[in-house]
Amino acid sequence: MNEFTRRGFLGSAAAVGGAAVVTTAAVPQAAEAAEGGACGPSTGLVQVDRADRRYQDLVSRGFNGRFRGRPDAVYVVHTADQVVDAVNRALAAGQRIAVRSGGHCFEGFVDDPAVRAVIDMSEMRHVGYDAKRRAFAVEPGATLGETYRTLYLDWGVTIPAGVCPQVGVGGHVLGGGYGPLSRRDGVVADHLYAVEVVVVDASGRARKVVATSAASDPHRELWWAHTGGGGGNFGIVTRYWFRTPGAVGNDPSALLPKAPESTLRHLVTWDWTALTEQAFTRILANHGAWHQRNSVADTPYASLHSVFYLNSRAAGQILLDVQIDGGLPGAEGLLTDFVAAINEGVGVEPGVQRSAEPWLRATLANKFDTGGFDRTKSKGAYLRKPWTDAQAAVLYRRLSADAGVWGEVSLYSYGAKVNSVPETATATAQRDSIIKVWMSATWMDPAQDDANLAWIRGIYREVFAATGGVPVPGDRTEGTFINYPDIDLADPEWNTSGVPWHTLYYKGNYPRLQRVKVRWDPGNVFRHALSVRLPD
């Protein structure tokens with residue numbers, strides 16, 4: 001999602017009361033940074049209850065307006081030690097715990113009525129270089145925008161993370177994380193070197209653990225589980241360390257991918273009034289065929305990223321947002337050839353807007369704003385092959401209908417470097433796909449909940465009707481993305497495939513994740529509707 005899409009799409013066609021501040025001992029700055037806390041003088045653990053004037057701000061930080069929690073307390077933390085303290089206080093009070101960093105979860109995992117204590121990580125925002133570990137340390141409350149800015153301005157490097165600057169690093173990385181540079185550099189988890197995690201052991205007490213990717217690390221499996229195992233499963237990450245595998249030396253600027261020099265972008269639109277079913281089907285076929293041809297790791301199009309927003313008719317048009325590294329030789333020609341390939345034989349001339357900007361400016365400009373349309377339902381899928389003719393027909397019929405629903409089927413360029421990593425090397429198991437799919441319906445009025453939920457559930461089930469209404473890992477699809485959580489997948493009314501929800505998200509990696517769960521969260525302290533379950 002970016003400024004060209006949902007904001008424009010939805011706009012036309014984001015005295016103290018009963019607070020308690022728990023003081024903690026001051027920690028010297030150098031030690032604080034090394035142990036995973038914020039740099040500078042420590043601020044005490046802040047406990048906010050329902051009588052506090054800050055309470056509503058803290059409990060309404062979630063992305064999806066369909067869910068509003070009412071916990072007994074929100075703990076605003078600034079250091080890893082404060083997270084330990086907050087978790088122990090919540091456990092002593094018998095409170096179920098949830099964690100929030102950026103607040104962009106699509107489901108109500110944090111805003112669950114059963115959650116009585118929220119650990120708010122938004123003040124843990126430090127981004128810096130840790131010379132001892134030869135890695136970049138990032139706290140979970142830092143947003144992607146803050147992370148991009150610091151990594152780039154200070155060292156000229158970046159991570160291949162998401163397009164929305166407001167998303168928090170915390171949950172994004174845990175799901176694997178991907179973005180415009182993933183075809184060139186892989187997913188974010190491919191560059192994760194270590195994590196600091198607050199876990200709750202068999203004694204029922206919280207403690208800090210650092211787990212790295214080193215083969216000799218006895219905690220390595222805990223690191224592995226955080227490379228795509230999803231949030232809210234094993235503990236609370238209080239610091240990430242990033243370093244590209246195989247990177248050598250002590251020069252920080254050589255330890256992560258270089259950011260692009262600039263961003264060339266084409267924004268391509270086709271009006272619904274000009275789109276016959278034949279034209280729409282041809283565009284989809286061209287799009288899928290191009291990705292099937294150009295999704296190997298060494299493709300000259302590795303730095304090309306596109307999002308194809310197949311908006312419902314109410315939006316007026318469908319939109320292809322494509323960008324490439326402007327410093328790549330022949331970049332403009334590659335971009336032009338891509339657009340021509342997508343429109344080949346369509347018979348409808350699209351509108352094209354071209355732009356060129358410095359990379360950081362373009363990246364930070366992708367701000368997301370719901371415009372008040374904050375009620376949403378999302379679903380996802382990975383495509384190993386292009387849509388079938390039958391699926392294209394479903395998409396056309398559902399999207400072109402005058403249903404009064406602001407719906408969207410987004411197709412993200414995928415594969416290339418992502419697919420060069422074995423599916424068991426990280427917990428991110430989908431390593432053989434060419435397109436990532438995100439479907440959504442977004443609305444404002446609670447009275448429209450039923451209509452919008454029916455629309456998105458209907459289109460999803462019909463598109464994947466051949467595999468029980470869900471994208472079962474197989475010849476054509478490869479499951480879905482845990483950062484697009486969808487509780488319908490655990491409901492036999494909507495998942496009639498006989499394939500459990502955890503196979504859709506984790507494929508064959510799920511039993512290994514369960515073993516990590518047993519080792520590090522034996523009391524199932526960290527849980528939600530789609531969390532990794534303890535073995536029976």
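**Exercise 1. In what order do the seven strands of the open sheet stand, and which strands are at the edges?**

Solution. Step 1: in this predicted model, the open sheet of seven strands has the order 14-11-13-12-16-17-15, and the pairing is antiparallel. Step 2: strand 14 (351–358) and strand 15 (375–383) each have a single partner strand, so they stand at the edges and one side of each lacks a neighbour in the sheet. Step 3: from one strand to the next, the twist averages 15 degrees.

**Exercise 2. Determine how strand 15 pairs with strand 17, and which strands helix 9 touches.**

Solution. Step 1: nine bridges link strand 15 to strand 17 (residues 435–443) in the antiparallel sense. Step 2: K377 has A441 of strand 17 as its bridge partner. Step 3: helix 9 (residues 277–293) packs on the sheet and touches strands 11, 12, 13, 16 and 17. The direction of helix 9 makes about 155 degrees with that of strand 12.

**Exercise 3. Describe the pairing of strand 12 with strand 13 and with strand 16.**

Solution. Step 1: strand 12 runs antiparallel to strand 13, joined by five bridges; V307 has D321 of strand 13 as its bridge partner. Step 2: these two strands form a hairpin with five residues between them, and G316 in the turn has a positive phi of about 95 degrees. Step 3: five bridges also join strand 12 to strand 16, again antiparallel, with F308 opposite L411.

**Exercise 4. Which residues of strand 12 point each way, and are they buried or exposed?**

Solution. Step 1: side chains in a regular strand alternate between the two faces of the sheet. Step 2: H305, V307, Y309 and N311 point one way, whereas S306, F308 and L310 point the other way. Step 3: buried means under 20% relative accessible area, and seven of the seven residues of strand 12 are buried.

How values were computed
Residues are numbered from 1 along each chain as its sequence is written. This is a predicted model: local features need pLDDT of at least 70, side-chain atom pairs count only at pLDDT 80 or more; totals for chains, interfaces and linings use all residues. Side-chain values use heavy atoms; hydrogens and water are left out. Two strands pair if DSSP finds at least two bridges between them. Helices (H or I, at least four residues) and strands (E, at least two) are DSSP runs, numbered from the N terminus. Axes are lines fitted to C-alpha atoms, for helices over the stretch in contact, and angles run from 0 to 180 degrees between N-to-C directions. Contact means heavy atoms within 4.5 Å. Buried means under 20% relative accessible area, exposed over 50%, partly exposed in between (1.4 Å probe, protein chains only).
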